[in-house]
Amino acid sequence: MTVLIIGGSGFLGTELLRQARAEGWDAAATFHSRPGEPALAAWHRLDVRDPARVEALLKAVAPRAVVDVTSGGADWKVTADGSVYIAMAAAELGIRLVHVSSDAVFSGSRVHYDETCDPDPITPYGAAKAAAETAVRLLSPDAAVARTSLIVGHGRSDHERLAHALIAGTRQGVLFTDDVRCPVHVADLAAALWELTRSDAAGLFHLAGPDALSRYDLGVRIARRDGLDVSRLPAGRRADTRVPGPLDVRLDSRATQRRLSTRLRGAREFLESPESPESLEDGGS
């Protein structure tokens, strides 16, 4: 199977490519500023804000499936418009599309969100992701849209790096005790996305772990796993700051989990013990 990962040089994209290589698939991937590991894929520079280039690349690569994991944060032209252009090209060329969205599409007002819940974003990033997934579903009804939460694993995720830096004193800030999410291991998430890619399942899917943890609690578990001094981890309340965004957002993934063979572990399980050196080597960003 030939697959194209748009945004393949990032943390999740790298894990997707690692698993594709393990399955023996022909993989291509895009990057914006710097390509990833040469052995993992054929790399293509792409600016997703240019619809003509998006369409030309999909025609040139001619993949069986496209997995869109790109994100420009709150940059509407990348996160929203770019996803629209990808969906348009995939639909026109009859290519299977799996689009990765985020729990940022929710405000946190109801705390628990399953796949039937409509987006109600309260940040520019959340609004861009909500617009993207809505457009994907309209333009490519056969696509799978997968919402996920905090992605952790291999010691190289943003949250793991931040916890280490805060304890070492090389970064300023705190981890919030009132900001709750449902972390997922990057290897589990990638495996679930590949399972969706191989299927013809369409619609909305939630791919998050079953454990709801605050960012501080997650940091504590990371520190304990890595043998760090937990007492040096600074804590604070998001509600006491001007940092925008939802507080408690818990993706309910049970309906999706019943449809998949891939088990999405909770953070309490996958952070119980150090990861092997092999996983750290394979899971780079």
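## A short tour, starting at a cysteine

Select cysteine 182: with a relative accessibility of 3%, cysteine 182 counts as buried (buried is under 20% relative accessible area, exposed over 50%, partly exposed in between, with a 1.4 Å probe and protein chains only). Before you go on, note that this is a predicted model, where local features need pLDDT of at least 70, side-chain atom pairs count only at pLDDT 80 or more, and totals for chains, interfaces and linings use all residues. Residues are numbered from 1 along each chain as its sequence is written, and side-chain values use heavy atoms, with hydrogens and water left out.

Search the whole structure and you'll find 0 disulfides (pairs of cysteine sulfur atoms within 2.5 Å). Click on cysteine 117 as well: it is buried, at 6% relative accessible area.

Next, pick leucine 196, in helix α6, residues 186-198 (helices are DSSP runs of H or I, at least four residues, and strands are runs of E, at least two, numbered from the N terminus). Leucine 196 is buried too, at 2%. Leaving out residues up to four places away in sequence, leucine 196 touches residues including Arg96, Phe205 and Leu260 (contact means heavy atoms within 4.5 Å). Now show leucine 260: its C-alpha is 8.1 Å from that of leucine 196, though the two are 64 residues apart in sequence.
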